[in-house]
Every structure is written in structure tokens, then in C-alpha cells.
Amino acid sequence: MVRVLSVVHVMGMIVFIFGLTIFVPLTLSFVFDDGALVAYDESLAICLIGGFAMWWLTRRRQRELSPRDGFLLVALIWILLPAIGTLPLYLQIQGLSFTDAYFEAVSGLTATGATVLSGLDKLPPSINFWRVQLHWLGGLGIIVLAVAILPMLGVGGRQIFRAETPGPFKDAKLTPRITQTAKAFWLIYTALTAACALAYHVAVLKSFDAIVPAMSTISLGGFSSHDPSIGHYNSPAIEVVGIVFMLLSGINFATHFLMITRRSVRPLLADTEAHWFLAILAASCVGIAIYLWSNGVYAEFWTALRYATFNTMSVATTLGFASTDYGQWPIFAGLWMLYLCGFVTCAGSTGGGIKLVRMQIMVKQMTRETTLLLHPQANVPLKLAGRVVPNQVAFAVLAFMSFYGASIVVLMFAMTMTGLDLLTALSAVLACVNNTGPGLGIVGPASTYEPLSDVQTWLCSIAMLLGRLELLTLFVVLSPGFWRR
């Protein structure tokens with residue numbers, strides 16, 4: 001049975017901890033004197049008082065979470081935290097509706113990067129920082145951060161971690177204790193962010209301008225402090241830095257952990273998912289470059305390769321930065337890029353989509369079923385990287401893929417029912433479910449999601465939450481059986 005008050009108790013602690021992160025943009029607002037201090041003061045007070053009240057009123061219900069509790073906690077937190085992240089935006093930006101503010105906060109915490117805002121250069125610097133801070137906290141999962149902290153307060157975290165961690169192999173551990181695993185991931189995440197910021201700084205960006213895209217890049221989020229995104233700089237050096245770190249962020253963080261602890265690149269060489277990740281991206285970048293060049297979009301092949309490589313990798317890894325308006329390219333290029341964002345990133349990375357390992361399992365399952373049709377008595381185990389994949393995992397992947405396809409179809413029809421054209425509806429749903437950001441049509445890379453109606457905006461918010469929770473977490477909580485004894 002779900003113990004709701006126990007879940008509320010833990011939620012109170014997480015809300016309080018999340019509220020403390022507001023001190024960072026609040027300090028920046030004070031330093032820059034950008035006029036947003038009052039918004040942060042009010043937001044901070046609401047978070048700290050609300051979180052403490054939730055924790056205090058349910059303190060007698062504190063106990064270890066069950067698997068059901070973990071699923072409910074993750075679902076509720078990912079619905080509640082965007083509402084809290086909304087506060088500085090809603091209180092500071094004049095004319096911003098709650099619907100649009102919630103969409104922006106959901107997009108931030110889910111590391112999607114879709115935005116309803118324009119005139120980003122005119123926003124207070126601390127507001128732009130708050131937006132990318134939401135990316136950074138949500139990129140690897142604020143619940144994983146909570147797993148590392150909550151045990152200090154007497155709350156175990158295994159069930160939270162299992163519900164939050166992306167990919168089909170959720171019970172795998174890198175360290176004896178789940179808290180140590182979460183801390184290791186966050187240390188790597190922080191180190192990559194610092195390295196990325198330094199690299200952007202060396203590539204001629206000022207300190208603040210280097211930090212903002214670095215936090216977006218490592219979280220594979222996509223928020224920028226400039227309307228033209230990374231295209232604002234028109235710098236090949238900056239684009240190269242972005243490519244390197246979006247690739248690092250798209251690879252399983254467990255692989256990074258093993259390379260660091262073993263001081264060897266062998267874990268990367270043994271990671272077949274990473275091999276396919278790099279190979280698919282390389283082939284797609286070259287293929288799209290040839291396609292653009294042959295269609296006269298760019299006069300020189302190397303120019304086509306430059307823009308095709310950055311934008312294809314950015315969309316495919318679900319980062320969502322744009323160095324040019326690829327919405328003006330022939331439609332095949334944009335659709336192929338959106339197709340890639342659905343499955344290219346590795347499990348255990350900060351990327352969205354269904355993850356490449358699931359696609360590998362599905363392809364191998366299809367091959368196995370074909371073989372069994374020809375040889376019904378054959379024993380054909382499903383293997384991945386030399387290991388036999390249990391049937392339970394294969395069935396779970398099949399269920400996930402079914403939910404994934406059904407969710408896209410239902411949301412797309414819902415969007416078109418509101419009067420949206422098919423290209424915009426399909427691309428918006430794909431971009432939001434896969435946590436990519438820009439789509440095509442009205443919501444292309446040169447535009448924002450602001451033209452959408454409130455209903456369409458809420459549908460996109462739901463799509464982003466579904467994608468970040470990897471669908472099943474939310475569907476499990478909504479199922480009638482979840483609430484039965």
C-alpha cells in the first residue's frame with residue numbers, strides 16, 4: 001500500500017533543499033543589481049516555509065520507502081518542482097502567464113530546452129542563470145542528488161534511485177551503496193561542467209557567457225542567454241567545444257565512472273552502446289552534409305559539414321542548441337534529426353529519448369523472432385555485449401516502446417485537434433517527449449513555443465514530463481492497481 005504521508009515527508013525535505021538552490025541566482029542578482037531580488041526573496045520564502053511545513057507536519061510518518069512509495073515520490077516531485085521553479089520567472093517577468101512560466105520551468109528541469117521566452121538578452125542575468133540552473137539540476141536528476149543527501153537525514157534512497165535512473169538495467173550498481181553511486185555520478189557531472197565552462201572560456205567567451213552554455217551542454221538542456229542560441233557567436237571554436245562535450249554527456253555516466261576509477265579507456269572500448277552512438281552520429285552528420293551540399297543549401301561541402309555536424313549532433317543528443325535555422329533546410333534533414341533524437345543517446349546519460357540500448361534490444365529481439373519462425377525448436381538467447389539479456393528485460397523494453405509509440409500518437413492527435421498543423425504538432429510532440437527542445441514548423445529553431453495556445457502548451461508540458469519520467473513511472477502511478485492493497 002502507498003503511504004502518502006511518508007512520501008509527503010520526503011517531498012518536504014526535497015522542496016526545502018531545492019529552495020536552498022535559489023540562493024545562487026539570488027546572490028547573482030545582488031552582484032549584478034539586475035532588479036530581480038524581490039522575486040527571489042519571495043520564491044525563497046515560499047520554498048523554505050512550504051518545505052519545512054510539509055516535513056514538520058509529517059515527521060511522525062518517517063520510514064523507509066517501499067517501491068510504490070518511490071514511484072509516487074518521483075512522479076509528484078517532477079510535477080511539484082517545476083511549479084516551484086516557476087516562481088522566480090512568474091514573479092519577475094511581466095506579462096508571463098502561469099501556463100507559460102510552468103512550461104518554461106518544466107522545460108528547464110526536464111532538460112528539454114523548449115522556451116516560450118524571447119528577448120533573452122534583455123532578461124536579468126540572474127533569470128537566465130536560473131533557467132540553466134534548472135537544466136543543471138534536472139539533467140542528471142535532482143532525485144539522484146536527493147539520494148545522496150537524504151540518507152544523512154535518515155531516509156533511504158534505493159527506491160527513488162530505481163524509479164529515477166534512465167535505462168532498462170535499473171538495478172545495476174557501480175558501488176556497494178546506492179548513495180555512493182549517486183555521489184559518484186554527481187562528482188563526474190560537476191567536473192564535466194567545470195571543464196566545459198573552462199573550454200568555452202578559452203574559446204573566447206566571457207566567464208558568465210561560458211558558464212551558462214556549459215551548464216546547458218552538460219545537462220543536454222539547450223537553454224541559452226541569447227535568442228539565436230549558440231549561433232549568436234558564429235564561432236567554429238565554440239561549436240567544436242559544444243560537440244565534444246555533448247558527446248561526452250550523451251555517453252553512459254557509468255562508463256565515465258569506470259574509466260576514471262580504472263584509469264583506462266577500456267570501459268569505453270567495451271561499451272557497444274557508445275560505439276553505436278558514435279557511429280550513428282558520424283554517419284548521420286556526413287550523410288546530412290552531403291544531402292545539403294548536393295541540394296545547393298551550401299556552396300561548399302566543408303561549410304555544409306560544419307553546420308550539419310553541430311546541429312545534427314545537438315538535436316540527436318537532445319541538447320537542442322542551434323547554430324543556424326535548420327528549419328529552412330529541406331524537410332528530410334530536419335525529420336531525420338528529430339528521428340535520431342528519439343533513440344541515439346546512451347542509457348545512464350543526461351540525454352532524452354528511449355535510449356540506444358533499448359533500440360539494440362528491440363532489433364535483436366526482432367532478429368531472434370525471425371530466426372524462431374524459421375527454426376521453431378532453436379534455442380536463441382538474446383545477447384547484448386556478450387551477455388544474455390533476461391526475457392524480463394526484453395518484455396519491459398517492449399512495454400516501454402509500446403507506451404512510447406502510443407503516447408506520441410495520442411499527443412499528436414490531441415495537438416492537431418486543437419487546430420495545429422501536422423508538421424508542427426508532430427515535431428513539437430517528438431521534441432518534447434524526447435526532451436530535445438526545438439521542433440519544426442511554428443516551433444522551429446528560429447522561433448519559440450510562445451505562439452502555442454494554453455491547451456497546446458499544457459500538452460507539451462505533459463509530453464516533457466512523460467519523457468523525463470521515461471513514461472512508465474507516471475503510467476504506473478496513474479494505474480488503478482497502484483492504489484490497491
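**How two helix pairs cross**

Q: Is the crossing of helix 5 and helix 20 left-handed or right-handed?
A: Helices here are DSSP runs of H or I, at least four residues long, numbered from the N terminus. A crossing is left-handed if the near helix is turned anticlockwise from the far one by less than a right angle, and right-handed if clockwise. Helix 5 passes helix 20 in a crossing that is left-handed.

Q: What kind of model is this?
A: Residues are numbered from 1 along each chain as its sequence is written, and side-chain values use heavy atoms, leaving out hydrogens and water. Local features need pLDDT of at least 70 and side-chain atom pairs pLDDT 80 or more, while totals for chains, interfaces and linings use all residues, since the model is predicted.

Q: Are helix 5 and helix 20 roughly parallel or roughly antiparallel?
A: Their axes (lines fitted to C-alpha atoms over the stretch in contact, with angles from 0 to 180 degrees between N-to-C directions) come within 10 Å and cross at roughly 20 degrees. Under 35 degrees counts as roughly parallel, over 145 as roughly antiparallel, 65 to 115 as roughly perpendicular and the rest as oblique. That makes helix 5 and helix 20 roughly parallel.

Q: And how are helix 1 and helix 3 oriented to each other?
A: The axes of helix 1 (residues 4–20) and helix 3 (residues 37–57) come within 7 Å, crossing at roughly 155 degrees. The two helices are therefore roughly antiparallel.

Q: Which handedness does the crossing of helix 1 and helix 3 have?
A: In helix 1, Val 8 and Phe 16 are among the residues that meet helix 3 (contact means heavy atoms within 4.5 Å), where Leu 44 and Trp 55 are among the partners. The crossing of helix 1 and helix 3 is left-handed.
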